[in-house]
Amino acid sequence: MAKKEINTKNREWIASFTLRAGLASVLFYASISALIEPISWKYYIPTFVGQIVGVGIFLKFHSISNFILGLWLLSGKKIFYPAILTAFFMLLIIVFNLDLLDIIFRDIAIMFSAIALAVLHYKKSN
């Protein structure tokens, strides 16, 4: 019996879906957790942001944004754009929380996963 190989299109779909599901699960978790337990998340917000819009308002906006990005990623529509936004959000989290590298080091992998997804979908969105 001959092995059935996965063609390139199927591989791309599997890679895309795996990255999208992984990123969406992280975004959904952060979204729901920040709404339920905002006290645990307030320390990741830069002081100047809290002073401009308030920590509570920012966390709600951020939670809604994360949830929408997660849904957009799972939708499979114009994936390049939510992937780039996700990578950008992760970059901001990393830059503004370098003193918490023991905790946010995971966000580096999430950022690069989002970049990989954007690269995978670059031509398809334009």
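Let's start with Ser-63 and what it touches. Leaving out residues up to four places away in sequence, Ser-63 touches Ala-30, Ser-31, Ala-34 and Leu-35. Contact here means heavy atoms within 4.5 Å. Ser-63 sits in helix α4. Helices are DSSP runs of H or I, at least four residues, numbered from the N terminus. Is Ser-63 buried or exposed? Ser-63 counts as buried because its relative accessibility is 1%. Buried means under 20% relative accessible area, with a 1.4 Å probe and protein chains only.

A word on the source. This is a predicted model, where local features need pLDDT of at least 70, side-chain atom pairs count only at pLDDT 80 or more, and totals for chains, interfaces and linings use all residues. Residues are numbered from 1 along each chain as its sequence is written, and side-chain values use heavy atoms, with hydrogens and water left out.

Now the whole chain. The chain has six helices and zero strands. Of its 126 residues, 31% are buried. The C-alpha trace spans about 65 × 30 × 25 Å along its principal axes.

Next, the core. A nonpolar core is a set of buried Ala, Val, Leu, Ile, Met, Phe, Trp, Tyr and Cys residues joined through side-chain atoms within 4.5 Å. The largest one has 16 residues, and Leu-23, Leu-73, Met-111 and Leu-117 have the most contacts inside it. Two or more residues each come from α1 (8–36), α4 (55–75), α5 (80–96) and α6 (101–125). Helix α6 gives the largest share, six residues.

Last, Leu-73. Beyond its neighbours within four places in sequence, Leu-73 contacts residues including Leu-23, Leu-27, Ile-79 and Leu-117.

Notes:
Buried < 20%, exposed > 50% of the residue type's maximum accessible area, 1.4 Å probe, protein only.
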